[in-house]
Amino acid sequence: MKTARSRRQGGLAEPSGWQAVCRDDDLINEAGVAVRAHGEQVAVFVTEAGLFAIDHVDPFCGAAVLARGIVGELQGRPVVASPMYKQHFFLDTGECLEDAGVRVRCWPARLGEDGVLRLGRPMDALGDTDHAA
């Protein structure tokens, strides 16, 4: 099992718009890790279903806690349950299971052959890249 380490990259933006945020050995299987990308807090998750990144801030309480939530699967899809009020967010879309009108943004993530996780610009609630960030 991989464990978290504080070997975060300097957060330097790369020319392609992808920002290095951590190394693969900083990630924890079936759990979340909080990182900073493009000036915002992001929760990164590694599950059996893949690698996911969503906003770290819980929209119901405004606290940056989603990386500390419980990771699981509901309706055949990966989710995280917020540690505050226990709402579930689908990791693949950011949609809240209990309130379909609430979403967190999803962030494109890629793990390079060099073992560095990079995040692109966040996706807005409609799935389009947020160009205003």
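1. Two strands are taken as paired if DSSP finds at least two bridges between them. In this predicted model, the pairing of strand 3 with strand 4 is antiparallel and runs over six bridges. Within that pairing, Thr47 stands opposite Gly50 of strand 4. The two strands are joined by a hairpin through two residues.

2. Strand 3 also pairs with strand 2 (residues 31–37), again in the antiparallel sense, over seven bridges. Here Phe45 of strand 3 has Gly32 opposite. Strand 2 and strand 3 form a hairpin with two residues between them, and His38 in this turn has a positive phi of about 50 degrees.

3. Strand 3 spans residues 40–47, and six of its eight residues are buried; the strand is therefore largely enclosed by the rest of the structure.

4. Asp55 lies in strand 4, which covers residues 50–55. Is Asp55 buried or exposed? Its relative accessibility is 12%, and because buried means under 20%, Asp55 counts as buried.

5. With which side chain does the side chain of Asp55 make a polar contact? The partner is the side chain of Trp107, at 2.9 Å.

Definitions and conventions: Residues numbered from 1 in each chain as written. Predicted model: local features only at pLDDT ≥ 70, side-chain atom pairs only at ≥ 80, totals over all residues. Heavy atoms only, no water. Helix = DSSP H or I, 4+ residues; strand = E, 2+ residues; numbered from the N terminus. Buried < 20%, exposed > 50% of the residue type's maximum accessible area, 1.4 Å probe, protein only. Polar contact = N/O pair within 3.5 Å; in protein donor to acceptor, adjacent residues only side chain to side chain.
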